[in-house]
Amino acid sequence: MIQKLKTKFIIINMVLVSIVLIVTFITIGISTYQRLVSESYVALEENLSKLSAEGMPKRRIEPPRNEPPDDKKPMNNNVVFKVVLNSDNKIYKTVGNVEISDEVLNELIQQCINDNKPTGTISSQDFRYMMKDKHGVTEIAFYDLSSEQTIMYNLIITFTLVGLASLGAFFIISLYLAKWALKPVEKSWEQQRQFIADASHELKTPLTVILANTDVLAAHKGETIQSQLKWLDYIKTESTRMKGLVNDLLFLAKSDASRNTVVTSIFNFSDLVWSCVLPFESIAYEQGKDLQSDIKSDISFKGDEGKLKQLIMILLDNACKYSDEKGVIKINLSQKQDKILLEITNSGEPIPAQHLPHLFERFYRADESRARELGGYGLGLSIAQNIVEMHHGKISVTSTKEAGTTFYVIF
């Protein structure tokens, strides 16, 4: 799938670049051609004006002043010559360097007369002309198109070479862009596959226990419920765990789809933290751990009170689970100007540095065996991160042997 996306990305990019290049080249080509045509008509107009300034032709017919050249001799670029016709449309005189034969010249004149237009192009001979009639005398100026054709031909060659080189360069760039642009998609796709595999694995365990206990109950149909109560307790325990897992998965799925509703209100954040700490005092006492708190009073916050309570409970539960025997758990809440800082620290073995960047990934466990022993799924910290991001905050973690493991939440 990712490879198909890369291919589509490259194809779309190349098509768009090709369209831009083609439109640009056509625009430049048309603009250049129109400029050349305009310049040719200006040259024709200037030469006709000079011719008109010479006055009317004399009554005596003079032979043409041009010398018949070799037909194979190449014409000069930008050649403009003029022909004056008498009342019988015969050549009275020519002005300029005429390097074509009398036969070709007569064909040009006849074509101009037949077209009966003041301006035009004779494609067969590659000439553009301008014709004026004054007092029974016809004046025709001719413009050699060979220079114009050479310019356009060279322009087309240049466009072709530049276009091919540009497409080659853009193709290499597109390969890099496709890899760079689709890297987050590839990562997301891989995470989704891993997420499905991990979720299936986590659901498989409680389902297996439930089915096994159901089989035990089915094998003792004659027994009373009281005698089979422990199997029912196992089923209930695993069902409760599975329900919690499904709820966590649903929460994360809604977060991915941006469908989690945040009911905001202004509340006392200090009181909220205290309400979360109190239930853990008894848990810490039973486990022989020291729960210390430093919570500044009357800190107000606008957010979803229920989700923030879930965040604090996740972090406290995590601290209790992973602190060492007779360890210390600290929770601090403070405010500096417009920043609220929540710190939850637990003593114990530090988390290896290579695991820290992955702690907030779904189903990730730094200590797989211990996490399963404590009943964790590896979703708590991922949910905590989602809740923090919903409130436009930041969450981070540090872990050292001296200072322990500390989670920082900043709003």
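Reader: Is D317 to be called buried, exposed or partly exposed, and on what value?

Author: Buried means under 20% relative accessible area, exposed over 50%, and partly exposed in between, with a 1.4 Å probe and protein chains only. D317 counts as partly exposed because its relative accessibility is 30%. K321 falls in that class too, since its relative accessible area is 25%. N318, in contrast, is buried because its value is 17%. This is a predicted model, in which local features need pLDDT of at least 70 and side-chain atom pairs count only at pLDDT 80 or more, while totals for chains, interfaces and linings use all residues. Residues are numbered from 1 along each chain as its sequence is written, and side-chain values use heavy atoms, with hydrogens and water left out.

Reader: Which element holds N318?

Author: Helices are DSSP runs of H or I with at least four residues, strands are runs of E with at least two, and both are numbered from the N terminus. N318 lies in helix α7, residues 305-322. N318 and I344 are 26 residues apart in sequence, and their C-alpha atoms are 9.6 Å apart in space.

Reader: How many salt bridges does the structure hold?

Author: A salt bridge is a side-chain nitrogen of Lys or Arg within 4 Å of a carboxyl oxygen of Asp or Glu. The structure holds six. One of them joins D317 and K321, at 3.2 Å from N to O. An α-helix has 3.6 residues a turn, so residues three or four places apart point the same way. D317 and K321 both lie in α7, four residues apart, or about one turn of the helix.

Reader: Which parts of the chain does the pair R128 and E148 link?

Author: The side chains of R128 and E148 meet in a salt bridge of 2.9 Å, N to O. The pair links distant parts of the chain, with R128 in strand β4 (residues 127-134) and E148 in helix α3, 20 residues apart. Both residues are buried. A further salt bridge joins E349 and K401, whose closest N and O atoms are 3.9 Å apart. Here E349 is in the loop between β10 (339-346) and α8 (368-373), and K401 in the loop between β11 (394-400) and β12 (404-410), 52 residues apart. Both E349 and K401 are exposed.

Reader: In what order do the five strands of the open sheet stand?

Author: Two strands pair if DSSP finds at least two bridges between them. The order is β7-β9-β10-β12-β11, with mixed pairing. β7 (290-295) and β11 stand at the edges, each with a single partner strand, so one side of each is left without a neighbour in the sheet. Strand β9 (residues 328-336) pairs with β10 in the antiparallel sense over eight bridges. Within this pairing, S334 has L341 of β10 as its bridge partner.

Reader: At what angle do α7 and α9 pack?

Author: Axes are lines fitted to C-alpha atoms, for helices over the stretch in contact, and angles run from 0 to 180 degrees between N-to-C directions. α7 and α9 pack at about 145°, with their axes 9 Å apart. Contact means heavy atoms within 4.5 Å. Among the residues that meet are L308, L311 and L315 in α7 and L381, A384 and V388 in α9.
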